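Me: I am new to this one. Please show it, and then let us go through it step by step.

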There are 2 protein chains.
Amino acid sequence: MLADPYPTRLNEYRAPLPRREPVVHARNQRRWEGPLDEVALSRYERDGFLWFDGFFSRDRIEPFFEELKEMAKDDALMRSEQVIQDPNNGAIRSVFGMHRFSEHFDRMTRDPRILGMVRQLLGSEVYIHQSRINDKYGFQGSGFDWHSDFETWHAEDGMPRMRAVSASLMLTDNNEFNGPLMLIPGSHRHFVPCMGETPEANWQESLKAQEIGVPDQQALAQLAEHGGIQAPKGPAGSLLLFECNTLHASNENMSPWPRSNLFFVYNSVDNTLDEPYAAPSRRPEFLATREDIEPLTMHDDFPELSGQGVEPLR
Amino acid sequence: MLADPYPTRLNEYRAPLPRREPVVHARNQRRWEGPLDEVALSRYERDGFLWFDGFFSRDRIEPFFEELKEMAKDDALMRSEQVIQDPNNGAIRSVFGMHRFSEHFDRMTRDPRILGMVRQLLGSEVYIHQSRINDKYGFQGSGFDWHSDFETWHAEDGMPRMRAVSASLMLTDNNEFNGPLMLIPGSHRHFVPCMGETPEANWQESLKAQEIGVPDQQALAQLAEHGGIQAPKGPAGSLLLFECNTLHASNENMSPWPRSNLFFVYNSVDNTLDEPYAAPSRRPEFLATREDIEPLTMHDDFPELSGQGVEPLR
C-alpha cells in the first residue's frame, strides 16, 4: 500500500507539501473543450478560483428564497442533523443536502453553463459530493476560520485527490461588510498538514466552529504574504468557482445586510471516496456522498428544442 | 435642574433622539479660521468623520513602534489597569493614557496640524479627554461592536454635550482584511439611547467586550440603511478625525497583518466632565481626564524659528 500523499491530523508539525495533481484536469487538446477560455483556465491555475460577477439574473435567484422560506417551516427538517445552527445565536448557519429535497437546487447543480465549466476543470464526468446553503444574518452571522475543504474531505471523507471544485452562488449581494468569502490566491498549490487527531463525530462540532483541521498560522501567514487575500464582491447571482484546496475563510457579518450563499461541490467520478484517511469513521451521507455518484446530466430548460445546434466533429 | 437631553442605560426602549448641538462648533466667521476648508467642514457635518490618506510619513510613525516595544518590557505598566487584554487570547488589546508617559505621543497630540483642525471643529481650546492605542495582532485581534463613544462618555464619565472629536492615527497599514474601523456616515446626528443599567466598574469588562451601551439592532439597521457603512483604508500614517457620536465598530483581524491605531480624544474646554449621567461612579482618570484640563499648546519642532511668518491682521 502506498503512503498517503496528503498526511494530516498529525501529532507532530509537518511543513506544507506541494500539490501532486494538476489544477485543470482536462489534458492536452481536451483542455479547450468547454466554456472556459485559456485566460480563465490560466487564472484558475494561478489563483485557485474564478469569479463571475452577476452570472445569473436576480430573477433566477428569487425562487430560492421562496423555497428557503418553505424549508424554514418544515419542523422535521429544521430539527434534523442537516441543519447547523450558529454557535452564537442559534440561527440557521448551514443546511446540507439541499439538492436532494429541492428541485430548484437540483436543476441549478445541472445548469449547462456551470456543469460545462466544472467538467472542463475536472476533465471528467462529475457528481455532487456535497451541497449546502450558508446563511449569515445581519449583525449576527459568525465567521468561518481559514481552512482547505480538501483537507477535511481527505481526512474525514476519504477523498483521494484534489479533483473537486466548489461552485458558490450568491443569493444576496456580497459586500465588504456582510462577511464575504475571502480566499488566498495560489494556496491551492500547497497542502498544509494540520495538527491534532480527529475526534469521533468531529463534524457535529466542526460545522459550527472548526477546531481540528485548522492550518497553522505560520503557514497561513506565508501563503497570504505570497498570494495576498482577495474577497470577491458583487450582486446577487454572482458565481464563484473555487478549487477544493484553496484556503478560504469569512469574517463575521457586522452589517445589517444578510448574506446567503449556495455551495455545490462537484467531484470527479474518478475521485470517489475511500475510507477516511484520518478520522475514526465515515461522516453522514448528507456531508459526503457515497451512494448517489451517477454522473450529472445537464438540465435543459427547452428539451423540445434539443439537437438544434451543429453536430460537433469527433 | 434640567432633564438630561441624552437619556441612556434605560429600562425601557426609547427611540433615537435628534442631536442637540452643532457638528462644527466654530460659529459664523470663525468657522473658516483654521486649516479645514468648507468642503472638508461640510463633509464632516454630513458624515461625522474625515479621512486623511497618508497624512504623516512612515518616518514619523516608526519611533512609536520603538516606544511600544519598550513599554511592553515594563512589567509594572503591563500589569496595570491601563493595559487591556484581548478576551480571546490575552494579547494586548488597548493601552490607555499613552500621552502621559510617552513624549512622542504627547507631542503628537499637540501637532499643529491636528490641533488646528480640532480647535476649528470644536470652536474652542481643547484638552485630551482620553488617549489609547488599539492593537490587533494577525489572526487574533477580535473586533469591537457598534457603539457611540459619546454614549459611554456621557453615561459613565459625565461628558455633557457632543463637543469632542477623536483623532485616530494609523501606525500600520489599514486594509480590508486586518479589521479596519467601520463607520456609519450620518449617525452622529442621532443619539441612540441604550438599554440596560450600568453595573459598578462596568469599564473593567466593557473595554474587553462591550455588553452595556450597545445600541439596538433596529436603530443600527435604520442608520446603516440610510447612511451606508464606510471603512477608510490606507497606509500607515493615515489620519481619521471622527465626531464623538459617530457610530463605529471593527471586525476581527483574520489576516496575518497586524493592525495598530493610536486614538487621541480631544474635548472642548467648555465641555468638561460632570458627574456620570447614568453610572454609579466615576471611571478612573486614565479613561476620563478630570484633573489635567489645561488647554493644549501647539508643539513646534523649530521653536527658535517662531514668529517668522506674517503677523495675522486682528
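**Rings and overall build**

Me: Is A:F242 buried or exposed?
Reply: This is a predicted model, where local features need pLDDT of at least 70, side-chain atom pairs count only at pLDDT 80 or more, and totals for chains, interfaces and linings use all residues. Residues are numbered from 1 along each chain as its sequence is written, chains are lettered from A and ligands numbered from 1 in the order in which they are written, and side-chain values use heavy atoms, with hydrogens and water left out. Buried means under 20% relative accessible area, exposed over 50%, and partly exposed in between (1.4 Å probe, protein chains only). The relative accessible area of A:F242 is 0%, so A:F242 is buried.

Me: What is the relative accessibility of A:F263?
Reply: A:F263 also falls under the cut-off for buried. Its value is 2%.

Me: How many aromatic pairs does the structure hold, over all chains?
Reply: Rings of Phe, Tyr and Trp (its six-membered ring) pair if their centres lie within 6.5 Å. Over all chains, the number of such pairs is 18.

Me: Which type of pair do A:F242 and A:F263 form?
Reply: Planes under 30 degrees apart count as stacked, over 60 as edge-to-face and the rest as tilted. The centres of A:F242 and A:F263 are 6.3 Å apart. Their planes stand at 85 degrees, so the pair is edge-to-face.

Me: How many residues apart are A:F242 and A:F263?
Reply: Strands (E, at least two residues) and helices (H or I, at least four) are DSSP runs, numbered from the N terminus. A:F242 is in strand 10 (residues 239–243) of chain A, and A:F263 is in strand 12 (residues 259–268). The pair links distant parts of the chain, with a separation of 21 residues.

Me: Which residue has its charged end over the ring of A:F263?
Reply: A charge sits over a ring if NZ of Lys or CZ of Arg is within 6 Å of the ring centre and within 35 degrees of the ring normal. Here the distance to the ring centre is 4.2 Å. The residue is A:R132.

Me: Which residues does the cluster of ring pairs in chain A link?
Reply: Ring pairs join three residues there. They are A:Y6, A:F150 and A:F191.

Me: How many helices and strands are there in chain A?
Reply: Buried residues make up 56% of the 314 residues in chain A. Its count of elements is nine helices and 12 strands.
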